[in-house]
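Please read the points below with the sequence and the model side by side. They are set out as a colleague's note.

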Amino acid sequence: MKHKKIEPYLFLIPAILLVLFIYLVPFIFSIVISLTNWNGISRSFNFVGIKNYIEIFQTKELQDVLKNNLIYFVEIVTVQNILGIFLAVLLQEKFKGKNFFRAVLFLPTVICTVAIGFIWNLMLDPVSGFVPGMLSTLGLEKLSKVLWLADSKVAIHTISLVNVWQWVGQSMVIYLAGILSIDRSLYEACSIDGAGKGAKFWKITLPLMAPSLTINIIVTTIGTLKIYDLPFIMTGGGPGHATESLAINVYTSAFVYSRMGYGTAISIALFVFVLIVSLIQLIIMRRREDAVL
Amino acid sequence: MSSVTKAIPYQEPKEKQKSKKDAYSVVNYIILSAFSLIALVPFFILVIVSLKTRSDFMKHPLSLPSTLNFQNYVTVFTRSSIVRSFLNSAVITAGSLVLELFVGTLASYAITKMNFKRAGFFAALFLIPMIFPVQTITIPVYVIYKNLGLLNSYIGMIIIYAAIGIPMVVFMMTSFMKTIPFQISESAKIDGASHFVIYARLIMPLMKPVISTLTVICGLTAWNDFYLPQIMLTKTTLKTLPLKIYDFFGQYTSDWTLICTCIVYVIVPIIILYCFLQRNIIDGVAAGAVKG
């Protein structure tokens, strides 16, 4: 009998150890580090209390970075989800080539972001890029002169768009799964009543795909809060700090400027943001889903 | 009564309905083709530039290559140790997949099939990591790894990716294992089979579809990741493919033809795999997102 009680734990221990070793112990450790001025190398350091956290909200640099994250969040979540729904609606019916389009639109999501970032750097290059060349051929001289990545007012929006370009296929596929799980007879009933495409979309498709909307908005929100690869590759956070994200700031603070305590404090702030956003969204979305169904 | 009166005007203009439907699908095709073009053009440009000589690219950056030139492919292959990076990526990805799938399915089996008191607690425990951004644990893990000598090692990377994958594996596995009738494992139990035998012989073979889904999701995460290798792998011989592109760009900043060639080398294997498995990959990602 005693043997039976221990047995489940034998099955669980490897997984528990992994989670403890990579998540729980490091997380507690990071709270401790964030209260120090440790540089990551020396054996001596001082506890500085919440000084690192106060610095986050007082320095101009961090305020800019937080603003950037907000811009990424608003732009990417809105554009990617609207476009994702649009493409999913176009793909919802059976037709020749459906699979081809779905596969092509999804393709960029399986390619590593480092490659995507460099490809788009080339595409947008002011001298040899395809986009400026194309715009100038089309006679849009003014647009062709835009410095997509070097102009500090434009660069962040460019990165948002490239991010949408890469990940819209994922949103589309999730929305498509949501749409296809809707009972077809509802649409038939609707067309017997003489409803058009638009009415069907607003009255049936959109309300009934609420669960996939929840998932997509959470996935894109958390993704944009953690955004790192694309701005790091395309601009390195520049010009100045114009495209720098929180995650990039964590990296540079800790590993470039050797301020482990401060970097860890920012990373914990990032954790809190992710936590808050996902909780808020879950609550709002649950309520809305209840109201609809 | 009302359904009859309404059904008549719906059936009458059949011709009109049909032509309207055709027009709709033409518009559909045009919009989808435009979006597909936008998705594909960057890849065409990439390949075109990789086939140009440097001087050709400098003089006519946007034209098609004057002659097809494969010299870049030879140059990158001999100069960049890209094969080594490919092997590094493969070892780390495969290793983490084996570890997380083995450990995660064992835990899921315990949670769903072993009928013990704290099963619910552990099911919740394994979900907690999902809320941690990887950046929050990277610095402390880096410090721990440094002290344990796990920086610049395959095993260190394998462990961290396996831990990152555990929540997803446990979540999907438990929800699928729950659907397997209890009688199957119970009757084997009565026949005297141990839990490990039931797990390995009875349950795991039924899990093949879930395993392939998880292989896609977790495999892509590890294969494409840039953040962790950038911090944990500083030795040239251990660099993974995304890191290789980044380094190569640093070395040959001014020569787009070589950079593009390097990128082509890195993404072609994934694109080939994608062509064969696109349906499974897309369905896997959709299923993963819906379950997660």
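This is a predicted model: local features need pLDDT of at least 70, side-chain atom pairs count only at pLDDT 80 or more; totals for chains, interfaces and linings use all residues.

**Notes on the two-chain model**

1. A:Tyr251 is buried, because its relative accessible area is 14% and buried means under 20% relative accessible area, with exposed over 50% and partly exposed in between (1.4 Å probe, protein chains only). A:Phe255, by contrast, has a relative accessible area of 22% and is therefore partly exposed.

2. Residues are numbered from 1 along each chain as its sequence is written, chains are lettered from A and ligands numbered from 1 in the order in which they are written, and side-chain values use heavy atoms, with hydrogens and water left out.

3. How many residues of each chain are in contact across the interface of chain A and chain B? There are 84 residues of chain A in contact with 88 residues of chain B, contact meaning heavy atoms within 4.5 Å. The two chains bury about 8200 Å² between them, with 81% of it on carbon and sulfur atoms; buried area is the accessible area (1.4 Å probe) that two parts lose on being put together, summed over both. A:Phe11, A:Tyr23 and A:Phe118 supply 10% of the area that chain A buries against chain B, more than any other three residues.

4. The count of salt bridges between chain A and chain B is one, a salt bridge being a side-chain nitrogen of Lys or Arg within 4 Å of a carboxyl oxygen of Asp or Glu. It is formed by A:Arg102 and B:Asp283, whose closest N and O atoms are 3.6 Å apart. Within the side of chain A that touches chain B, helix 1 (residues 2-34) of chain A gives the most, with 19 residues.

5. Over all chains the structure holds 39 aromatic pairs, that is, rings of Phe, Tyr and Trp (its six-membered ring) with centres within 6.5 Å, where planes under 30 degrees apart count as stacked, over 60 as edge-to-face and the rest as tilted. A:Phe118 and B:Phe249 form a stacked pair, at 4.2 Å centre to centre and with 25 degrees between the planes. This pair crosses between chains, from helix 5 (residues 113-123) of chain A to helix 13 (residues 241-251) of chain B, and both A:Phe118 and B:Phe249 are buried.

6. Why is the pair of A:Tyr251 and A:Phe255 tilted? Their ring centres are 5.8 Å apart and their planes are at 35 degrees, so the pair is tilted. Ring pairs link both residues into a cluster whose members include A:Tyr228, A:Phe232, B:Tyr142 and B:Tyr246.

7. Two loop residues of chain B deserve a look at the backbone. B:Ser81, in the loop between helix 4 (71-79) and helix 5 (82-113) of chain B, has a positive phi of about 45 degrees although it is not a glycine. B:Asn152, which is not a glycine either, has a positive phi of about 55 degrees and lies in the loop between helix 7 (134-148) and helix 8 (154-177) of chain B.

How values were computed. Helices (H or I, at least four residues) and strands (E, at least two) are DSSP runs, numbered from the N terminus.
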